[in-house]
Amino acid sequence: MRLKRLIAGTIMAGTLAGAALPAFADELFVPLFSYRTGPYAGSGIPIANGMHDYLAMLNERDGGINGVKIRIEECETGYDTQKGVECYEQVKAGGALVISPYSTGITLQVIPKASVDKIPVLSMAYGLSAAAVGDTFPWVFNPPDTYWDGASAIISDIVRREGGAEALKGKKIGYIFLDAGYGREAIPLLEQMSSSMGFELLQYPVPGKEMQNQASQWLNIRRDKPDYMVMWGWGAMNPTAVKEATKIRYPMDKFYGVWWSGGNDDAAAGGEAAKGYRTLNFHGVGADYPVIADIKKHIVDAGKSQVDPAKFADNLYNRGVYNSMLIAEGIRRAQELTGKTVIDATDMRAGLENLDITEERLKEMGMEGFALPMKLSCSDHSGHHKVYVVEWDGKDWQKSGDWFSPDVEMVRPLLEKAAEEYVAANAPWPERTEPCLSK
Amino acid sequence: MLYRESGQYKTTYIADQAIFPIREDRIGMAIIGLIAIAIPFVASDFFLNAIMTPFLILALAAIGLNILTGYAGQLSLGTGAFMGVGAYSCYKLTTIFPDVNIIILVLISGLFSAGIGVIFGLPSLRIKGLYLAVTTLAAQFFLEWCFIRIPWLYNYNPSGAIEVPERRGFGDLILTGPSAAPMTQYFVVLGVVVVVTLAVKNIVRGRIGRQWMMIRDMDIAAELMGVRPLTAKLSAFAVSSYLCGVAGAMFIFFYLGAAEPSAFSITLSFQILFMVILGGLGSLVGSFFGAAFIWGLPIVLRAGLPAIGIDIGAETVFHIATMVVGALIIFFLIVEPHGLARLWSLGKEKLRVWPFPYG
């Protein structure tokens, strides 16, 4: 009995020690922070599936990237910052090429560590807006748009519909947001716009633990009657808000969500009544793209995906695909720049910084029409790319209107100011020493 | 055979009243101490950063709650918020006085937490048990609300989070911030936890600690015997909150590096309450056991299951870890309601008569 225990204990200890071994050298280790559990799983699952499936498809179809397999490993964070830090430490030890935190809270936490540990952070259209300033944040990337771009784009669309910026004077715009780092990120910009354009900004914070009960916020909204509503929601907050909005009969075509409030399940909670609900987007919707067909052929039909077939290629799934495409292209670019096939995290940083996805490249990847060309530079880690609005037709998202640019002239100086403030608040912030490779 | 106290005669009161009166215990403590010092030189950064440092910090928080719940018998659900008070006051202090050694500020920030703890401890003079738990729950929600709604607390940071700046001390050693070495942070945390635990051990076995236990066992009898409930209960709240505050400040400054208010939510309070209950109410060593169990087990399961060849999705491991921890909590509460500390002392008693148990 005792001997048996001793043996079991030794085996356990041995395997634990084995777990700490570093990664195999001829792989590209891409960890994915995911959350398939907890209150944010509703948004987290499609994203995690999309991200995983695209990279897995590259492994199956092309044998990895330029012949090197990608090692995909998920780390469950549950959208919890504590677990995120744990995941970060875990993947750092394994030699991660890039971190995708998928939570603004976790992103804020790993930003200071990124430059010390020399691991790039790719927070695709989330995280700290000011991180777009590459001279200050050489290790952080937030393409294709920052939250401030998103907020300015929503206001631009409202201005377009109202027929001019003057028409906004005296109007009321409500902002309902998840009361966490994520939801607050857009407030400074909206406040700035409210004072410069003369509209009144009404704020409706939704605490994370009460996000499934928004009755009081929507009661206030019914009383205040804002002309437009803007939402920065995530997880279970989105479907709840859409449902509450339909309940108070808020005109849904005046209700805007940021790109993260655009899950199919989010809008479907309101059903037919949610018709007209609008969110921003920066990639294609639906399954009508060669790249999605490849994923279906190599991964989903082969039973290598966790995705529910009915939810394959929904909006957030496609966003996961888009995010993984950026990772893969970053790796490819790094391989080009260094001439090596097996790259490390420092090369990956250079690869992301010099990312240049052209129209031809998109066609090669089977993403024509799925995404627009994008380009990053040493000073601009976001790119402030074009976005478009999708509208819920009761069953699915439909493209409404054309691609348009966020208000870069207004956003960029504010971002630079915010980056300066961040540096001042976090002194001593390391100076950029990384060479700029792009010409 | 190995662990026997026969033949060890105490000739002075001081020797008899020592914290570890048995020689074998002292040897054991010395070995644990040596291991604690040796760990950073052999373990990986992941082990130090993600397991040891938070384990020590949470053990300190568990000791804090154990003072209040285990020794003084006052149930509290506000531990997370009191940790938050420590963290936010340490953050404010270090932005106001950037040149003061951060360890001193950590120790001072506990005082703010103690003050708040005393205020929220006042109702304990009138109400007991579950009703008191509800008032501490109110403290939890109120303080959490403050962390979100009072921008002064997080220096008007637009993201609403506090970010730990780089601080140096002891010459030019980096103590906090992203460039601090895991080993430095571990030793700082270890030092603070050891010193504070020793101090608490002495409070607990002295006059004040005995008052707390009298209040816990029967407050009316204690009052009749001359214990003032006001001072006894409030001092328990003060000491408990102080420890939680110090733990909270270290949690942010030496482990997380940045925090949103949600880091100090009710979840954290419950996590620490489980540590105390599972480790053993009214036992300091139990707090360490409980912290190791609740903090360590999920990590071991998550790292261990895939390592022994059980290849399942990250979220399934997560679900399994949650279920196993839950089942083990129930198992332990049924088999040993006095917690791991009781198992520990049973083990020691068995060891005394080993290998010739009588009876």
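Predicted model: local features only at pLDDT ≥ 70, side-chain atom pairs only at ≥ 80, totals over all residues.
**View 1. The interface between chain A and chain B.** Here 38 residues of chain A are in contact with 34 residues of chain B. Six elements of chain A each supply at least two residues of the side that touches chain B: α1 (2–19), β2 (70–76), α3 (81–93), α4 (104–117), α6 (181–184) and α7 (187–197). The largest share comes from α3(A), with 7 residues. By residue class, the side of chain A that touches chain B divides into 16 nonpolar, 13 polar and 9 charged.

**View 2. The two domains of chain A.** Domain 1 of chain A is built from three segments, 25–145, 285–386 and 415–425. Domain 2 of chain A takes in 147–282 and 389–409. Their C-alpha centres lie 26 Å apart. Across the boundary, 23 residues of domain 1 of chain A are in contact with 26 residues of domain 2 of chain A. On the domain 1 side, α2 (41–62), α4 and α12 (315–338) of chain A each supply at least two residues. That side divides into 12 nonpolar, 8 polar and 3 charged residues.

View 3. Strand β12 (residues 387–392) of chain A runs antiparallel to strand β13 (residues 397–404) of chain A. The two are joined by 5 bridges. One pairing to locate is A:Glu391, whose bridge partner in β13(A) is A:Gln398. Between β12(A) and β13(A) lie 4 residues, and the strands form a hairpin. In the turn, A:Gly394 has a positive phi of about 105 degrees.

**View 4. Packing of helices α3 and α7 in chain B.** Helix α3 (residues 45–71) of chain B packs on helix α7 (residues 182–204) of chain B at an angle of about 20 degrees. The axes are 10 Å apart. Angles under 35 degrees count as roughly parallel, so α3(B) is roughly parallel to α7(B). Their crossing is left-handed. From α3(B), the contact residues include B:Leu48, B:Met52, B:Leu56, B:Leu60, B:Ile63, B:Ile67 and B:Tyr71. Among those they meet in α7(B) are B:Met183, B:Tyr186, B:Val189, B:Leu190, B:Val193, B:Val196 and B:Val200. B:Asp45, B:Asn49 and B:Thr53 of α3(B) also take part, as do B:Gln185 and B:Thr197 of α7(B). The residues of this contact divide into 18 nonpolar, 4 polar and 1 charged.

How values were computed:
Residues numbered from 1 in each chain as written. Chains lettered and ligands numbered in written order. Pairing = 2+ DSSP bridges. Contact = placed C-beta atoms within 7 Å. Nonpolar A, V, L, I, M, F, W, Y, C, P; charged D, E, K, R; others polar. Domains from an automatic or database assignment. Axes fitted to C-alpha atoms, helices over the stretch in contact; angles between N-to-C directions. Parallel < 35°, antiparallel > 145°, perpendicular 65-115°, else oblique. Left-handed = near helix turned anticlockwise from the far one by under 90°.
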